[in-house]
Amino acid sequence: MYLCNPNNPTGLIVTKDEVKQLLDGLPSGMPVLIDEAYHHFVDDPNYATSVPYVIEGRPVIIARTFSKIAALAGMRLGYAVASTENIQKMRPYSMGSINALVKWGGVASLKDTASQIDVKRKTIELRKKTASELEAHGYSVIPSETNFFMVSIGREIQPVIEEFRQKKVMVGRPFPPMTTHMRVSVGTAEEMDRFMKAFKEIFPAKTRTTAAI
Ligand SMILES: Cc1ncc(COP(=O)(O)O)c(C=O)c1O
């Protein structure tokens, strides 16, 4: 079983109670891979990491990446938390080794908790600010716990991507079947202002009653 929590591309979480219900309901021994790539951006107290289930001895494998909160996507570094037995089973499928620079970069980023706190705070602040501006403009936003969110635009996304591109704003690719939603990554304050300006030029203001659901 595979669970992406928080989820990409919706940004939604599966709560800690729901994860427990899911794990308790599975046939014993069934391996569960839980992808926590966006774990660091969560603000909702109803979410919890599933690492304790590994420690407790359940067949859970947690995947984490340095590509998100640590902004080291180009380094291609991630890790899994799992029992020794499950790690040994996965080892033959490993893509190879990592170089020394990547190793030191990963260690430095784990130690730099102050930066992680700062990135988290700024991301949550801008996520909330942009979402409320979009809602005020009449467009509903899926409540996200990640460093991106989805806004319902009420029409097909593909041509809209080009309209944004012409304004020098890059928005997410289509995520079928959600092709009338746009996925927006949270950038800097200045980038989010540019995004909002472009959004308002492309999409007319709607009253709450006509807002897309
Ligand atoms: C859900 C999810 N898991 C894992 C990753 C892995 O990222 P990487 O391959 O850069 O470590 C991503 C990146 O987009 C992601 O969205």
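**Entry 1: a pair in helix α5**

I looked up Arg121 and Asp118, which lie three residues apart in helix α5 and are therefore separated by about one helical turn. Helices here are DSSP runs of H or I with at least four residues, numbered from the N terminus. The side chains of Arg121 and Asp118 meet in a salt bridge, 2.9 Å from N to O. I counted a salt bridge where a side-chain nitrogen of Lys or Arg is within 4 Å of a carboxyl oxygen of Asp or Glu. Arg121 is partly exposed at a relative accessible area of 43%, and Asp118 is partly exposed at 27%. The classes are buried under 20% relative accessible area, exposed over 50% and partly exposed in between, with a 1.4 Å probe and protein chains only.

**Entry 2: what the model is**

The model is predicted, so I note that local features need pLDDT of at least 70 and side-chain atom pairs count only at pLDDT 80 or more, while totals for chains, interfaces and linings use all residues. Residues are numbered from 1 along each chain as its sequence is written, and side-chain values use heavy atoms, with hydrogens and water left out.

**Entry 3: other salt bridges**

I searched the whole structure and found 16 salt bridges. Side chains of opposite charge can pair when their charged atoms come close. One of the pairs I looked up is Arg58 with Glu56, whose closest N and O atoms are 2.8 Å apart. Arg58 is partly exposed at 22% relative accessible area, whereas Glu56 is exposed at 52%. Arg58 and Glu56 also belong to a network of salt bridges with Lys20 and Asp24.

I then checked Glu163, which forms a salt bridge with Arg155, with 3.4 Å between the closest N and O atoms. Glu163 is partly exposed at 29%, and Arg155 is partly exposed at 33%.

**Entry 4: α5 against α7**

I went back to α5 (residues 113-136), which packs with helix α7 (residues 189-202) at an angle of about 10 degrees, the axes being 11 Å apart. The axes are lines fitted to C-alpha atoms over the stretch in contact, and angles run from 0 to 180 degrees between N-to-C directions. I therefore noted α5 and α7 as roughly parallel, a term for angles under 35 degrees.

Which residues of α5 meet α7? I listed Leu126, Lys129, Thr130, Glu133 and Leu134 in α5, against Ala189, Met192, Asp193, Phe195, Met196 and Phe199 in α7. Contact means heavy atoms within 4.5 Å. By class, I have seven nonpolar, one polar and three charged residues in this contact.

Note on methods
Helices (H or I, at least four residues) and strands (E, at least two) are DSSP runs, numbered from the N terminus. Angles under 35 degrees count as roughly parallel, over 145 as roughly antiparallel, 65 to 115 as roughly perpendicular and the rest as oblique. Ala, Val, Leu, Ile, Met, Phe, Trp, Tyr, Cys and Pro count as nonpolar, Asp, Glu, Lys and Arg as charged, and the others, Gly among them, as polar.
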